[in-house]
Amino acid sequence: MPAERYRSVLLFGAPGVGKGTQGRILGTIPGFFHLSSGDVFRSIDVRSPDGKQVSASMSRGELVPDPLTIRIWRHGLEARIGTTDYKPDEDLLILDGIPRNANQAKLLEEHIDVRGIIYLVSTDESAMVQRIRRRAIRENRADDANESVIRRRFEVYRHESASVLDCYDRSLISEVDALGSPAEVLRTVLDCVIPIQNRIFHGNGG
């Protein structure tokens, strides 16, 4: 395992809980860099072999195969380092959409050093479905427009993704109520991530 891994915080939770919203806001704050695996996947050329496989999986609401997921994600991250958008020595990496299952968590160990997990929690699945449908209209995201595909994504989350939390020490996990306003949720998220950032870049936490 490489000595140098990217120091990261994971945004985790069911579809529609606001991982992308919170990640994008954090990404505008100096010292944080947000990388959404969904954005990386949607930027792939759909005519390429990888793009065709990703498109087929996402259109069914299923997970992209693990080795392909990690390869595409790693290339996306390296590209952002290459353009200096992400500066590992200065920025805390905020990840959303990955890992999606326990095997991905294992595969990512050689690439990232997880310093915290923000677990966005919602007990109202119907509210999350409606949030995803509104997002689909607003952002023209075809993979989010079909309710049967959305429901399939929730099934995949329950059966494959929810167990990701078991891969990490409980002390790393902070639960955040996802049903508040984006500003309310952000305030709680910041209370969780600022101490992590301070320990890494301004203290002796490495």
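The dialogue below goes through some features of a predicted model.

Me: What should I know about the numbering and the confidence limits before I start?
Reply: Residues are numbered from 1 along each chain as its sequence is written. As this is a predicted model, local features need pLDDT of at least 70, side-chain atom pairs count only at pLDDT 80 or more, and totals for chains, interfaces and linings use all residues, while side-chain values use heavy atoms, with hydrogens and water left out.

Me: In what order do the five strands of the open sheet lie?
Reply: Strands of a sheet pair through backbone hydrogen bonds, either parallel or antiparallel. Strands here are DSSP runs of E with at least two residues, helices are runs of H or I with at least four, and both are numbered from the N terminus. Two strands pair if DSSP finds at least two bridges between them. In this model the order is β2-β3-β1-β4-β5, with parallel pairing. β2 (32-36) and β5 (173-177) are the edge strands with a single partner each, so one side of each has no neighbour in the sheet.

Me: Which bridges tie β3 to β1 and to β2?
Reply: β1 (residues 6-12) and β3 (residues 92-96) run parallel and are joined by four bridges. Five bridges link β2 to β3, also in parallel. L95 in β3 is the bridge partner of L10, and L95 is the bridge partner of L35 as well.

Me: Are the residues of β2 buried or exposed?
Reply: In a regular strand the side chains alternate between the two faces of the sheet. Buried means under 20% relative accessible area, exposed over 50%, and partly exposed in between (1.4 Å probe, protein chains only). Five of the five residues of β2 are buried, so the strand is largely enclosed by the rest of the structure. F32, H34 and S36 cover one side, F33 and L35 the other.

Me: Which residues does V114 touch, leaving aside its neighbours within four places in sequence?
Reply: Contact means heavy atoms within 4.5 Å. V114 lies in strand β4 and is buried, at 13% relative accessible area. Its contacts are S8, L10, Y168 and L172.

Me: At what angle do α1 and α8 pack?
Reply: Axes are lines fitted to C-alpha atoms, for helices over the stretch in contact, and angles run from 0 to 180 degrees between N-to-C directions. Helix α1 (residues 19-27) packs against α8 at about 65 degrees, with the axes 10 Å apart. T21, Q22, I25 and L26 in α1 meet a set of α8 residues including P182, V185 and L186. T21 is partly exposed, at 31% relative accessibility. Helix α8 (residues 182-201) also packs on the sheet, touching β1, β2, β3, β4 (112-121) and β5.

Me: How do the axes of α3 and α4 cross?
Reply: Angles under 35 degrees count as roughly parallel, over 145 as roughly antiparallel, 65 to 115 as roughly perpendicular and the rest as oblique. The axes of α3 (residues 49-59) and α4 (residues 66-82) come within 11 Å and cross at roughly 120 degrees, which makes α3 oblique to α4. D50, Q53 and V54 in α3 meet L68, R71 and I72 in α4.

Me: How many disulfides does a search of the whole structure find?
Reply: A disulfide is a covalent bond between the sulfur atoms of two cysteines. The test is a pair of cysteine sulfur atoms within 2.5 Å, and the search finds zero. C167 is partly exposed, at 38% relative accessible area, whereas C192 is buried, at 18%.
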